[in-house]
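Please read them alongside the structure.

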Amino acid sequence: MNKQRWETRPLEIWGKAKELRAQWQRSINEAAERPGAMLAHGNTGEFDWSIGFDDLTVIEDNPVGAMMASKSDAFSRKCRLASEVRGWGREICGYVQNCWGSQFLGYEMDDGAFPFRDMSIPFPDPCDQHLKRGQQCMDLSPIPRWGADYPMYLGPLDPKREQAFIDHTVYCYLQIIDDIERIFDHKFDDEKMIGSLNILPALREQALRISRLMTHTPAPIGQKELYSFYTLGLLTKVDPKETLDFWTSFADEVQWRVDNHIAAVATERFRWMEAHPSPWNFLKYFRYMEKYGAVCIGSQYSHIISGPIELGEDGQFHHIQRKKPPEGQEIRTREDAFRHIFTEARGYRFKDDEYCRKWTITDFAKGFHVDGAIMPLWRGGVGCTLTRKEQGLRLSEMGVHVLHYEGSQPGDRTDLDERRFLDQLDTWMESLGLEKLEA
Amino acid sequence: MKTFKEILENRHAYAKSWKAKTGRKVLGFYDTYFPEEVAYAAGLMPVRILAEHEADDVTDRLMYGNCYCTRDMLNQFARGRYDYIDGLVSIESCQWWYNAFDTTLIMFPDLFSHYLFTPDYLDARTSKDVMRSELSVFAERLEEWLGTKITDEKLDDAINVYNKNRALLRRIYELRRFDTPVILGSETMEIMLANQVMDKAEANVMLESLLSDIEKREPYQDCVRLMLLGSETYDVSLERLVESLGANVVVDELDNGTGCIANDVIPLKDRLMAIGLRYLGKPHSALKDSIWRRRQERIFQLYEDWQADGVIIAKQIYCHPHGTDMYAVWKLLRERNIPYITFERDTTLPQEETRLAVEGLISQIEPGRTRIAGWSRSGAKTG
């Protein structure tokens, strides 16, 4: 009884996305092998290091660990075992266990040598696990290392606190660049970095176009498409121009789908949202939900690529703009550029919504017209779980049907009972009066 | 005279009576990185929120994956045990603590509250400035709330009281270095925990008196000397269990043990900077030890200085800061051939399971064998 209501078809941009992702993967391996090239562990979300240092590749363990969980259960289990015998237990993030487990083993999923890091740059993040995760590559050998903070406060905007926090963050980054120049004898290209400052806002414009288009019924794409692309330009950095071109083409294609009523799910009749990452080893539940005509329109987490957004009175998502220094003046120096980068709208950074703007979870549900929410409860990796129960209650109060399921962590399948999870989905859908449209 | 044990067991009554006696307010806090001196200078009594062993039918609706201590802290508030608390402060620290703070405020939105950012990156040049700035913002908020002025004189007084308090507690720890200590691990931890929920001026008077009595005590029997590592502790059941098996916890590397008494505020003209430097410079907690590993060196130093024979690592279930550091701690203990056991605990201690594990550890240890050559227990008195 397949009640198809709209046409559906695969995205044409797929091939390009795969190419970019492969390019990123190659850059890691090349950086580990090419003489003079530098490979660092660190945060890539806020600043693209490779723009200033063209021979520096920075990688996070998130995409590495997530990819392992998704691609090879056997290998990621081996990595986690290597981690567990060294003392890490169930509360540790699966990304950490996978990525650094591979370092403990000394080889990767494809049997190639583990690309050892030349330095560890900061990973400031609200999640405690991110904060600590640079230590594993430091333990292996005495590589240069630096720190930084992710300062936060609650309550109304306070210029005094803002100033102190920005000064601190900018100083930390300037010191790192000075040190890398000195230690590795690589010159930082200030001009290129300053010139690239408009890339991220431009990318966010395109991503916001996509977020807005996803509020349409039928949703032109769903979470599983978004998940395929959302790290490009954020955690997986490739050529900035190519990345921007990709997002522009992607947004154009999504616009075309909306104009022509091309749906992510041909039978869409139920829209649901998520919170935080899915189990990367078990993404088939998105397709399973499609059997009920249910489409996932994403999460605050997967729409992060749009940057700081909020729901306006017109029912649309808008960017939050903040006056950035040096106001009305040209950005001339490295310091100007960093002040510009780190003067981000407080409350609108990654995960700030869990601390400062708690109502945004309900705004998100409202803006995307969702009927239900599937909220994972992850036992490991504190940042993936904090406030999830509260968020579920807020959504329930506004009439959104909420389902929680339990597991270890998106990168660790140990505690996720897949059969039980699918049973939960059946029970949930049936309790809402929805039967499967296809077997 | 009241004992520390009595105060710990009746801490809510103690705080209520302090409020009635002084007419002042009580400020709750979670982490030992909280700069108590500033609150004390404002006339508040800072009280550390401790977990209890009470049935919890409240927090499951609001929390998931938290360590049971933080769940119980919320449970305690929900049950009205902390109805005397006037304000609550959280700092940049463990996210579970933040979660307990945040969710408590959802239940009790009228409490005075403040989030104080203490840098995770303790060693940057600007960490001092950002900490100083945060202390100044905090002081201003307290002044506004209480309608009082935090003067240099009041800060000096608070610094003196807290420095003295830490010095007295260090003397208690020193007594545990003896070959045959005059104070047990359980007694020390009772003092440490009670001290965290008391007016420090009163605690100082009690500590001075206790020290003069305790130094005259007959030493306890020679026994296996153990060191305690891991998540913060909220009771002394583990220490008592160890003692019942013929061993003694002689030293710890807990954040609310040696971690909170190791260094003092060094007077500076800028009092807030001085206080900030003390907290940035205190022994790193598992979470804040995020760049250079300093915990391992300190653990080994304490182990050597207190001549321990073995180590117990007691981690709260879902304590991610200590879980993450476990790798480095195991590595240290394995490399140095130090006997150790690791187990996870809830708010309550699984007695039989833990007894078996500790017995196993004790049976591994032959006292003296892992010590520096030449050290001897001979001549020890028995208690």
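1. Chain B is split into domain 1, residues 4–149, and domain 2, residues 157–364. The model is a predicted one. Between the C-alpha centres of domain 1 and domain 2 of chain B the distance is 22 Å.

2. Where the two domains of chain B meet, domain 1 of chain B contributes 42 residues and domain 2 of chain B contributes 41 residues. On the domain 1 side of chain B, at least two residues each come from α1 (4–9), α2 (11–22), α3 (36–41), β2 (45–48), α4 (68–78) and α6 of chain B. The largest share of that side belongs to α6(B), with seven residues.

3. As to residue class, the side of domain 1 of chain B that touches domain 2 of chain B holds 24 nonpolar, eight polar and ten charged residues.

4. Chain A is likewise assigned two parts: domain 1 covers 14–196 and domain 2 covers 197–431. Taken over C-alpha atoms, the centres of domain 1 of chain A and domain 2 of chain A are 22 Å apart.

5. The contact inside chain A draws 49 residues from domain 1 of chain A and 41 residues from domain 2 of chain A. For the domain 1 side of chain A, the elements giving two or more residues are α1 (14–33), α2 (49–52), α3 (61–71), α4 (73–84), α5 (94–105), α6 (128–132), α8 (159–184) and α9 (190–195) of chain A. Of these, α8(A) supplies the largest share, seven residues.

6. The side of domain 1 of chain A that touches domain 2 of chain A is made up of 23 nonpolar, 14 polar and twelve charged residues.

7. Now the contact between the chains. How many residues does it take from chain B and from chain A? Chain B gives 39 residues and chain A gives 38 residues.

8. Which elements give two or more residues to the side of chain B that touches chain A? They are α5 (95–107), α6 (125–146) and α13 (320–335) of chain B. The largest share, eight residues, is from α13(B). By class, the side of chain B that touches chain A comprises 21 nonpolar, eleven polar and seven charged residues.

Methods. Residues are numbered from 1 along each chain as its sequence is written. Chains are lettered from A and ligands numbered from 1 in the order in which they are written. This is a predicted model: local features need pLDDT of at least 70, side-chain atom pairs count only at pLDDT 80 or more; totals for chains, interfaces and linings use all residues. Two residues are in contact if their C-beta atoms, placed from the backbone, lie within 7 Å. Helices (H or I, at least four residues) and strands (E, at least two) are DSSP runs, numbered from the N terminus. Ala, Val, Leu, Ile, Met, Phe, Trp, Tyr, Cys and Pro count as nonpolar, Asp, Glu, Lys and Arg as charged, and the others, Gly among them, as polar. Domain bounds come from an automatic or database domain assignment.
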